Amino acid sequence: MQRKDLLGLEELGADEIRMILDTAGAMREVIRRDIKKVPTLRGKVVATLFYEPSTRTRFSFELAAKHLSADTISVAAATSSVAKGEGLVDTAKTIDALGADAVVLRHPAAGAAAVFGRYTRAAVINAGDGMHEHPTQALLDLYTIQEQKGRIEGLTVTFVGDIQHSRVVRSNIWGLKKLGATVRVCGPRTLLPPGLEEIGVAVFTRLEDALPGSDVVYVLRLQRERFAQGLLPGVEEYARLYGITRERLALAKPEAIVMHPGPLNRGVEISAAVADSGRAVITQQVTNGVAVRMACLYLLIRRENDDKAYH
């Protein structure tokens, strides 16, 4: 992989996405072994810098780095020099001076990872920037769909919930469209951004219209602050209109799978019966996330295609 940073799927070509998914397949074999460790990145340093809490994503990246034998540094913004007022650019220069080979950055501002990447020689991986993108979440979603369905091209993937504020949906839309899938979104009008039809996404406000023919039903986590912001009337009404239950899931194809980026609000956006059913591949998404992040670290840090390095 020739690029320095992984900032979003909008900028990646289809061939680059396929390269990451293919490499993740090899990494998936590594984490199936009894000893889940290869020397591929021995001597390299991976720093995780999170300005927002995210136990799941940070742990996944740190585990991925450790499986590849890299040394890891975890920096929580709330307990670092950031809390004393250090700006993003100065933090990038500091981490650069410390010699990190890769930086995994989560930040509440869209574009923060791109800015950070300009001031460090390290590879920068965007672990979520505002409402912009969350590329590794989308890549693990693509990998899971391909693993479960055997392909991505020609499938119909329907996202349900808060489309407006979801960086997961934005990255998935770019990736799925580039790999030939049909993308639908469904949610309350107050949570649907304008302009999606212009990039080929079908927009619905009723699940009864959106779910028929779906191969994948992707349920989004509902943030409780949307109620305080006046964007939704109440939890009960949202669950009644947009919660994915067994009855609602029956509207999709019989073999449709259910995905969720986690953590789940059971009984709100998804029922426990669906979340715990054989149709849900949520735990597989988590496991595949480690393999995909191993692939991203490998491809960005080595920046060469040595297909023997992870054996």
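Predicted model: local features only at pLDDT ≥ 70, side-chain atom pairs only at ≥ 80, totals over all residues.
The largest pocket holds about 650 Å³ of space. It has 23 lining residues, and the closest to its centre are Arg 106, Arg 167, Arg 221, Gln 223 and Gly 262. Which elements give two or more residues to that lining? They are helix H2, residues 55-67, helix H6, residues 167-178, and helix H8, residues 225-228. By class, the lining splits into six nonpolar, nine polar and eight charged residues.

Now the second largest pocket. Its space comes to about 200 Å³. Its lining is made of 14 residues. Nearest the centre lie Arg 170, Ile 173, Trp 174, Leu 196 and Ile 199. The classes here are eight nonpolar, three polar and three charged. A word on the approach: rolling a probe the size of a water molecule over the atoms shows where empty space is left.

Stay with helix H6 for a moment. Ser 171 sits in it. Is Ser 171 buried or exposed? It counts as buried, because its relative accessibility is 0%. What does its side chain touch? One partner is the side chain of Glu 133, in a polar contact of 2.5 Å. A polar atom of the Ser 171 side chain lies 2.9 Å from the backbone nitrogen of His 134.

Next, the loop between strand E9, residues 257-259, and helix H11, residues 272-275. Asn 265 is in that loop. With a relative accessible area of 12%, Asn 265 is under the 20% cut-off, so it is buried. Its side chain reaches the backbone oxygen of Leu 222 at 3.0 Å. Pro 263 is in the loop between E9 and H11 too. The peptide bond joining Gly 262 and Pro 263 is cis, with omega about -10 degrees. Recall that Gly 262 is among the residues closest to the centre of the largest pocket.

The backbone has another point to check. Most residues other than glycine have a negative phi, and most peptide bonds are trans. Ser 69 is not a glycine, yet its phi is positive, about 70 degrees. Where is Ser 69? It is in the loop between H2 and strand E2, residues 71-76. Ser 69 is buried, at 14% relative accessible area.

On to helix H12, residues 282-302. Why do its ends lie where they do? At 1.5 Å a residue, its 21 residues should span 30 Å. The end C-alpha atoms are 30 Å apart, so the two agree. There is a bend, though: about 25 degrees, at Asn 288. H12 is mostly covered, with 16 of its 21 residues buried.

Last, two residues and their distances. Val 217 is in strand E8, residues 216-219. Its relative accessibility is 1%, so it counts as buried. Between Val 217 and Gly 99 there are 118 residues in sequence and 42 Å in space, C-alpha to C-alpha. Arg 118 belongs to helix H4, residues 112-118. It counts as exposed, because its relative accessibility is 62%, over the 50% cut-off. Arg 118 and Lys 93 are 25 residues apart in sequence, and their C-alpha atoms are 9.7 Å apart.

Definitions and conventions. Residues numbered from 1 in each chain as written. Heavy atoms only, no water. Helix = DSSP H or I, 4+ residues; strand = E, 2+ residues; numbered from the N terminus. Expected span 1.5 Å × (residues − 1). Bend = angle between axes of the 7 residues up to and from the residue. Buried < 20%, exposed > 50% of the residue type's maximum accessible area, 1.4 Å probe, protein only. 1 Å grid on protein atoms, 1.4 Å probe; cavity = no way out; pocket = protein on both sides within 12 Å on 5 of 7 lines; lining within 4 Å. Points joined across faces, edges and corners; volume = space filled by probe spheres on them. Nonpolar A, V, L, I, M, F, W, Y, C, P; charged D, E, K, R; others polar. Polar contact = N/O pair within 3.5 Å; in protein donor to acceptor, adjacent residues only side chain to side chain.
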